[in-house]
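Please examine the protein below with its sequence at hand.

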Amino acid sequence: MKLLKLKLFIMLCMPVLLAFAQEFKLSDPKDIALYPQQNEYRNTLNLSGIWNFKKDSLNVGEKEQWFNGLKESRSIAVPGSWNEQFEDTRDYMDVAWYEKETYIPNSWKGERVFIRIGSANYTAKIWVNGVPLGKHEGGHLPFAFEISALLKWDANNRVSIQIENVLKPSRVPTGGATAGGFFNSNPRANFDFFPYSGLNRAVLLYTVPSTAFIRDVTLKTDFNSTTGVVEVKVEQEGKATKGKVTISGDNQKYEANISFSGGKATASVKIPNVRLWSPDDPFLYTVSVTIEDGKNTLDHFSIETGVRTISTNDKQILLNGKPIFLKGFGKHEDFPIFGRGTAYPVIIKDYSLLKWVGANSYRTSHYPYDEEYMNMADREGILIIDEIPAVGLYFHGDTTELKLRQEICKQYIKELIMRDKNHPSVVMWSIANEPFPPNISLSPKDVKPADPKSTALFAALFKLVKDLDPTRLKTLVGVMGGPVEWLALSDVVCINRYWGWYTNPGDINAGTALLSKELDDLYDQLKKPIIVTEFGADTYPGMHANPPEMFTEEYQTAFIKAYLDVADTKSFVAGMHVWAFSDFKTGQGVIRFGGMNYKGVFTRDRRPKMAAHYLRSRWLKKEKE
């Protein structure tokens, strides 16, 4: 009888035990190297649209096997942040579930099928037809898994995604702690923008050939006089033995044969009378790769890229060997209703306004943006400082949390470079924004030396960047009062400065005097080009005063003018990025009226303030000089 009771107990508990025993593999950055492409050998299916959604505030969904079908769910848009779509989810950062059923055609059978999630903030687990697939930590970057073995052909298939966005000190960006930061907010984050949750970018299914497929293509460009050179590295998985690289553009075509050894092949293609990529002429060549087994073509992939070089001397950033001054903004992926969700009309509008105002660059503050931002930058000739989500890092406190943050930063670097390494628009990698030392002082005369351990951690991240991509510049963005030792590791010194706003409030002259002296001191110490990557003033739209007062459009304009005037007197200042391109949502706090940062020169819905008109007149005038 006891044995019978034990068997019955095990049978009753088995579903629960199985739910907790599920294994989820980790994603491989190699699987996001090439964006899904439709051609004669590959297929894509975009799952964006209306999904089923359900909050799981008690975190019981996995135990209750919600991956076998959501009950009492509601509809939600993907892509899109859940915080902007419902009244009861604005500040919700806990567990929630997404579900979508999609038909898989029999014509895909025999191919390798993958699912690719563009961004799930912050952690995600995936099931296909109730079977555990994989998991990923970290928002703002894609991840992919093969799902071929889990599919039902010529039938509907269920995709279930569990997402959790709890703000924790062990995560990047950090949450649940202030760590010496300026901003106490609800939700409690160690950064000054809203911590949007959910599936913020497209979810795609795609296929690659099963016999052999192109897994990765890495392009490095250079030129000598009028001849361009494109170094092409191809990695394939399968039975391909050789292939061909074709580069076309300007009604010309250049080819090179490749042979694989250990799944890898390289080619060097020369382009006579090359058209170099630049903001003035963002010309793109098409690089096409085909692979074969000696008899048949097995796979094909095409990439658009530009031929250009990026380097520095002791005072300037050099694009194609010539000095270029980076004028532009820090910005955010943020728009009403969409939150951080991809909105293609907003991308088009943003680039239209960047051109209108005369900007040639921006930083992806403070995380990687949707890939379409990168594609548009390639086409429009906009230079990008591409940043991982490491905002508000700190190095004191719990050592286990510090180790976890360092590891996720390394993961972000690998994923970001894997994703964006072939974009000519990307000229610089940024590994952190405003890392905070302990006991920070807002006086430039009282900057404390860095803890050598923190400097070593940054040095390790910079080494990883250079190992993965030696062709681009590297930087981190320093906070007011931050140590010089961190800045010294960069190729370009990037600093955020608000003298005359957070200090010396209302006194622009005192602020610019501090700025001028600090710039001189930094250059004397480091002898590297400097970009002021943030400077600006909160400005409530339509608020005016004469003479200018803080929070008015006049003060913002005067503040920006004064900083730009100082930069014009420094030959070593290689760029000025206004903070910010547009107003954006933050958590609620006493210094964030209406839960908004109003430092944008455009409003959140992209209407220009006085400062935008001023920048347009100044920047476009300089272009003509």
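Which residues have the most contacts inside the largest nonpolar core? They are Phe329 and Tyr351, in a core of 91 residues. A nonpolar core is a set of buried Ala, Val, Leu, Ile, Met, Phe, Trp, Tyr and Cys residues joined through side-chain atoms within 4.5 Å; buried means under 20% relative accessible area, with a 1.4 Å probe and protein chains only. Helix α8 (residues 553-568) supplies the largest share of this core, eight residues. Apart from this core lies another, of 37 residues, including Ile214 and Ile247. In soluble globular proteins, nonpolar side chains tend to be buried together.

The model is predicted: local features need pLDDT of at least 70 and side-chain atom pairs pLDDT 80 or more, while totals for chains, interfaces and linings use all residues. Residues are numbered from 1 along each chain as its sequence is written, and side-chain values use heavy atoms, without hydrogens and water.

Strands (E, at least two residues) and helices (H or I, at least four) are DSSP runs, numbered from the N terminus. Two strands pair if DSSP finds at least two bridges between them. Strand β19 (residues 285-292) runs antiparallel to β16 (residues 242-249), joined by seven bridges, and valine 245 stands opposite valine 289. Eight bridges pair β19 with β20 (residues 297-305), also antiparallel. These two strands form a hairpin with four residues between them, and glycine 294 in the turn has a positive phi of about 105°.

Finally, histidine 332 lies in the loop between β24 (326-330) and α2 (344-357). Histidine 332 counts as buried because its relative accessibility is 3%. Beyond its neighbours within four places in sequence, histidine 332 is in contact (heavy atoms within 4.5 Å) with residues including Phe193, Tyr367 and Trp579.

Definitions and conventions
Buried means under 20% relative accessible area, exposed over 50%, partly exposed in between (1.4 Å probe, protein chains only).
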